[in-house]
Amino acid sequence: MFALLKLTLREKKWVTLALASTLFVALFTYVFVDLVQPIIDDMLRLAPQSAAPATGRALDILWNFLSISRQDIRSALPFVLVIVIFGKGLFTFFSSLCMKVVGNKIVKTMRDDLYAHILHQSSAYFDQATTGDLMSRLTNDVERIRDAVSSAMSDIIEEAFILLALLVGMFVKDWALALMAFVVMPLAVVPLAAFSRQLKRTGRQSQLKMSEIYNILHETITGNRIVKAFTMEAFELRKFLKATAKYYRINIRLSWISSLSSPFMEFIGGVVGAFILYIGANRIAQNHISPGDFGAFATAIFMMFQPIKRLSRANNVIQQAVPCLDRIREILEIPPLVQDKPHAYPLPPAQGRVRFEKVGFSYHPGRPVIFDVDFEVLPRQTAALVGLSGAGKSTLINLLARFYEPNTGRITIDGIDITDVTLHSLRSQIGLVSQDIVLFNDTVRNNIAYGLEDTPHGRIVEAAKAAECHRFIMELPQGYDTPIGERGGQLSRGQRQRLAIARALLKNPPILVLDEATSALDSESERLIQSALAAVMRNRTTFVVAHRLSTIRSADRILVVDKGRIAESGSHDELMRKGGIYRKLHDLQFPEDQESPR
Ligand code: ATP
């Protein structure tokens, strides 16, 4: 509740405007109640001229100010009434609008902050977060908070002021009567609360029973063959009848409560009203209060029900919003695991000498997956990472791009520890073509120039040509401006891969990381991708998670990863001659290419 209030008060300007408007609403309400007195006493001429002297009427100030005599009040009253109701409506409009603006502003800031926070989270965060949960926090929870601020908070502010104005009005008119009314009013409020509690509880039970019925329906409809095969129709029917009978009983109870509540409340209201009327009549007779003031008093009591009802509804909405706020705070309080160090500096344009020095890493504490990895790749060399599935090849790549950080050892580029430089400068010098190709729901052009918005069209076409994309792009309905659908759904796998290669080519990074596709493509696609890759690998340090013999053979260095360690390293010929793990892997993966070690 206080957190929500703190959040609301952040929008000082709008909240002040809403508060000011609300004060006017309260003032107009006060005047409105006050108007009842002259309507009864002066317009309807019910009061004897000797009626009790009027006390604290806001209207008297108005009459004096406008120099309206008691005789003229009669003709002025209808106009004043219209003006007061108009004024109340106008300021209600202002205050409601202001609070809605506050709600929407808070929601926008909150959603933007959340999105920025999630975007900057490290990979470890996304390993454990589920998409559905994050989406629901960004949409549902944030919307609930908006409702709480723009309707509940505004109700609380507005209705509290109105209630106060009505209370003041009642006490000013006749404090003794007001005190008596407050002794008997709980008589009406307590059963009202009891009724609504019962209604809520029984309503929830009814929903539970309904979901039982749904479950039985779902089970028997989807499993209708099994029901038939086991001739369980009678059994299922009995189960269903039992569930509907329970549902019927709960609903009858609900009907009792809801049908009883309204007349009962009216009766209690009548008793309270009669009591106040009785006391009021006595006080009028004793000249303590005029009939008009008593009318105004009764109107104020009547008008209190609305704010009380709204305040209790606001309380419900806020109770629902509090857990949502907690869920959102939970996200905002998790700091990204991988961040720039306080004095991180930009990585200068890299030559491309990459060194892993005694690197150790675990995704989960106590379960290391990389042990003591030590190797160096020189500028413009191609290093092929080979090994069995789960050996740790992708993890090494993840560490190089700082998606995760090593627990021990360090990784350097041109001798600079990559944890000392900014993430932005590091990643802008690493091109990544992963197996899991990510294309966005945008045009072909924007997908190639992802992150490089101002690239001239000529350069995009050049990159597309080098990556063997140009021809198929020109065959698309709108060429480079063709939207390619979510995740590139309208393109073939090979085409998507070549687009990703074009993207990497355009970025022209000194260090390139390729995750070769394992699934077989047709030979034409394969040939096109090979030639696109050859273009992209030229003149830069390249790491390839390699599955194709041709890539492995042409690599300058082969790093054999086995159970999180670099088991062997060297050229294809050297490793084949050695006859170790690589040779075994090679013979297993490419039996048709078995050759005797030279
Ligand atoms: P593949 O060729 O099948 O892609 P790989 O050699 O690239 O395998 P990695 O993905 O690096 O292997 O996985 C190395 C080990 O780390 C495996 O035991 C794997 O279960 C574990 N692992 C990988 N990613 C995660 C993760 N996000 N969280 C926890 N453990 C992980």
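Reader: In which helix is Arg204 found?
Author: This is a predicted model, in which local features need pLDDT of at least 70 and side-chain atom pairs count only at pLDDT 80 or more, while totals for chains, interfaces and linings use all residues. Residues are numbered from 1 along each chain as its sequence is written, and side-chain values use heavy atoms, leaving out hydrogens and water. Helices (H or I, at least four residues) and strands (E, at least two) are DSSP runs numbered from the N terminus. On that basis, Arg204 is placed in helix α7.

Reader: Is Arg204 buried or exposed?
Author: Buried means under 20% relative accessible area, exposed over 50%, and partly exposed in between (1.4 Å probe, protein chains only). Because its relative accessible area is 52%, Arg204 is exposed.

Reader: Which helix supplies the largest share of the positive patch?
Author: Patches consist of residues with over 30% relative accessible area and no salt bridge, like charges being joined within 9 Å and nonpolar side chains (Val, Leu, Ile, Met, Phe, Trp, Tyr) within 5 Å. A salt bridge is a side-chain nitrogen of Lys or Arg within 4 Å of a carboxyl oxygen of Asp or Glu. Arg197, Lys200, Arg201, Arg204 and Arg253 form the positive patch. Four residues of the patch come from helix α7.

Reader: How many residues of strand β3 are buried?
Author: Thr382, Ala384 and Val386 point one way, Ala383 and Leu385 the other, and all are buried. Strand β3 is therefore largely enclosed by the rest of the structure, its buried residues numbering five of the five.

Reader: Which residue of β9 is the bridge partner of Leu385?
Author: Strands pair if DSSP finds at least two bridges between them. Four bridges join β3 to β9, and the two run parallel. In β9, Leu385 has as its partner Leu559.

Terms used. Accessible areas come from the Shrake-Rupley method with a 1.4 Å probe; for residues, only the protein chains shown count as cover. Lys and Arg count as positive and Asp and Glu as negative; His and the chain ends are not counted. The place of a charge is taken as NZ of Lys, CZ of Arg, CG of Asp or CD of Glu.
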